[in-house]
Amino acid sequence: MADKTYILAIDQGTTSTRAMVFDHSGSVVSVDQVEHEQIFPKAGWVEHNGIEIWENTRKVIGGALSKANLNSKNIAAVGITNQRETAMVWDKNTGEPVYNAIVWQDTRTQKIVDKLAGDAGPDKYKETVGLPLATYFSGPKVMWILENVEGAREKAEAGDLLFGNTDTWVLWNLTGGAENDGVHVTDVTNASRTMLMDLETLSWDESIASDMGIPMSMLPEIKSSSEVYGECKPGVLNGTPVAGILGDQQAATFGQACLEKGTAKNTYGTGNFMLLNTGEEKVPSENGLLTTVCYKIGDQKPVYALEGSIAVTGSLVQWVRDNLKMIKDASEIEELAASVDDNGGAYFVPAFSGLFAPHWRSDARGALVGLTRYVNRGHIARAVLEATAFQTREVLDAMNADSGVPLTELKVDGGMVVNETLMQFQADILGVDVVRPKVAETTALGAAYAAGLAVGYWENDEDITNNWGEDKRWTPNMDDDERERLYRNWKKAVTKTLDWVDDDVDSD
Ligand code: ADP
């Protein structure tokens with residue numbers, strides 16, 4: 001049976017939506033992908049059109065099935081992974097969003113967040129939810145919609161509006177939507193990014209929801225990451241169970257087979273996200289990391305993670321391409337960087353959305369420092385790549401300090417890990433091996449695993465671990481003095497970006 005059936009994963013990402021079909025060995029059978037519009041109504045605002053996202057989801061499901069010549073009978077289950085924190089609010093009677101999705105990178109909620117923090121400061125809810133108050137998370141975005149979209153508050157109080165991250169939006173539509181009683185559910189990993197879930201009980205915290213003015217009737221039911229939530233209806237997958245949901249970074253952790261306490265992965269995409277599996281223990285961070293749910297398989301105990309989120313890494317390469325026009329394609333940055341031996345003294349701190357982990361400074365803005373007449377395009381290209389590696393070092397140091405057990409190697413994935421210059425520098429600056437797996441599509445694979453485990457397509461963790469294979473390993477090749485000199489300079493560069501944004505800048 002395993003030869004004839006497959007798992008379909010939907011990856012609803014920040015820039016695109018993809019559907020991927022996987023076989024029992026974890027290999028990709030087919031892929032379809034469509035990008036969606038990035039809407040920037042004002043500086044700092046980032047939105048997506050929810051209707052476009054749902055239409056693209058349907059398109060890529062059809063595309064991936066037809067490319068592999070499959071139909072719903074060949075699909076044992078569907079898994080969903082998604083951009084986390086991005087908030088959708090829609091009318092359950094019509095299926096119409098009341099506003100665009102407010103994306104995780106959006107900083108419009110700064111004033112809301114400051115007001116919520118009040119005298120208690122940004123760590124007001126940290127003990128309960130594992131997160132500092134920041135514009136990043138969903139709860140304040142929902143609060144913004146209820147406070148700013150005409151009629152939204154009344155409808156919400158009447159019980160007509162639903163909230164979800166994009167996992168919930170896709171699931172609700174897949175399982176029937178307004179006409180066919182779609183299921184309104186999320187999983188523990190997505191819920192742990194809202195600032196509304198108690199990490200211990202894995203249920204909504206009514207007092208935080210009340211502080212944010214969010215009626216409980218809007219919130220989806222929280223379920224595990226691996227169980228049958230409902231069946232697709234109608235459409236090409238009619239009758240197929242949807243059986244796995246994991247936020248994208250947790251899905252990548254699962255897809256990298258980081259299933260044991262103490263294992264970690266780092267994903268290099270638009271931003272960077274390092275997750276360390278801390279087992280059944282919920283480790284509070286003293287060093288600027290987030291405590292989050294890593295996954296929960298069916299009725300097993302939840303597994304937690306420490307996470308270091310970095311807002312800008314690959315998107316700095318895009319910025320150099322699109323705004324400076326120094327390169328035509330992201331891959332050209334490597335050749336340019338390789339035209340020089342070192343950074344020539346230049347350091348680029350890409351604090352475009354402030355600084356996330358481990359600093360959490362919304363008042364920071366980007367800076368290119370250490371410039372002299374000597375510095376050329378090659379040095380700047382190197383500084384761009386090195387920025388990703390230095391930011392990762394900051395997060396790794398915080399992880400080692402929080403967990404008390406230094407990491408001995410780092411599994412990597414994401415769009416930037418094809419860059420060998422970056423990977424070698426990363427190993428050099430961390431002082432530990434950096435390891436890339438054979439299947440690069442770890443995010444979609446993780447969601448497929450969660451769905452497949454729920455329906456018995458895969459039996460257990462061992463099936464997943466056996467599917468993981470090493471593609472390439474980079475070993476540190478820099479002496480300690482040089483490593484520490486470069487890192488010391490980086491830290492000095494970071495201090496130059498702080499305290500830039502003044503209070504009088506309007507963030508409404
Ligand atoms: P996401 O899933 O966050 O959309 P991906 O994992 O697809 O991102 O990675 C895309 C990112 O990787 C882009 O920001 C791009 O600039 C960067 N990137 C792609 N190729 C390279 C390369 N060869 N060197 C450095 N960065 C790259």
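1. The crossing of helices H12 and H13 is right-handed in this predicted model. The axes of H12 (residues 377-403) and H13 (residues 420-430) come within 9 Å and cross at roughly 40°. The two helices are therefore oblique to each other. On the H12 side the contact is made by Arg382, Leu385, Glu386, Thr388, Ala389, Phe390, Thr392, Arg393 and Leu396. H13 contributes Thr421, Leu422, Phe425, Gln426, Ile429 and Leu430. Sorted by class, the contact has 8 nonpolar, 4 polar and 3 charged residues. As for the spacing of such positions, an α-helix has 3.6 residues a turn, so residues three or four places apart point the same way.

2. An open sheet of 6 strands runs in the order S3-S2-S1-S5-S14-S13, and its pairing is mixed. Strands S3 (28-35) and S13 (226-231) are at the edges; each has a single partner strand, so one side of each lacks a neighbour in the sheet. From one strand to the next the twist averages 25°.

3. Which way do the side chains of strand S6 (residues 88-91) point? Met88 and Trp90 point one way, Val89 and Asp91 the other way, and all are buried. In a regular strand the side chains alternate between the two faces of the sheet. S6 pairs with strand S8 (residues 161-164) in the antiparallel sense over 4 bridges. In S8, phenylalanine 163 stands opposite valine 89.

4. Helix H4 (residues 138-148) is largely enclosed by the rest of the structure, because 9 of its 11 residues are buried. The buried residues are Ser138, Gly139, Pro140, Lys141, Val142, Met143, Trp144, Ile145 and Leu146. What covers these residues includes the strands S6, S7 (101-102) and S8. Helices H2 (110-117), H5 (152-157) and H8 (206-211) are also among the covering elements.

5. Some backbone geometry deserves a check by eye. Most residues other than glycine have a negative phi, and most peptide bonds are trans. A cis peptide bond joins lysine 233 and proline 234, with omega about -20°. Proline 234 is in the loop between S13 and S14. Another cis peptide bond joins alanine 357 and proline 358, with omega about -5°. Proline 358 lies in the loop between strand S19 (347-349) and strand S20 (367-369).

6. The loop between S19 and S20 also holds tryptophan 360. Tryptophan 360 has a positive phi of about 50° although it is not a glycine. Lysine 325, likewise not a glycine, has a positive phi of about 55°. Its place is in the loop between helix H10 (314-322) and helix H11 (332-338). Is lysine 325 buried or exposed? Lysine 325 counts as exposed because its relative accessibility is 65%, and the cut-off for exposed is over 50%.

Key. Residues are numbered from 1 along each chain as its sequence is written. This is a predicted model: local features need pLDDT of at least 70, side-chain atom pairs count only at pLDDT 80 or more; totals for chains, interfaces and linings use all residues. Side-chain values use heavy atoms; hydrogens and water are left out. Axes are lines fitted to C-alpha atoms, for helices over the stretch in contact, and angles run from 0 to 180 degrees between N-to-C directions. Angles under 35 degrees count as roughly parallel, over 145 as roughly antiparallel, 65 to 115 as roughly perpendicular and the rest as oblique. A crossing is left-handed if the near helix is turned anticlockwise from the far one by less than a right angle, and right-handed if clockwise. Contact means heavy atoms within 4.5 Å. Ala, Val, Leu, Ile, Met, Phe, Trp, Tyr, Cys and Pro count as nonpolar, Asp, Glu, Lys and Arg as charged, and the others, Gly among them, as polar. Two strands pair if DSSP finds at least two bridges between them. Buried means under 20% relative accessible area, exposed over 50%, partly exposed in between (1.4 Å probe, protein chains only).
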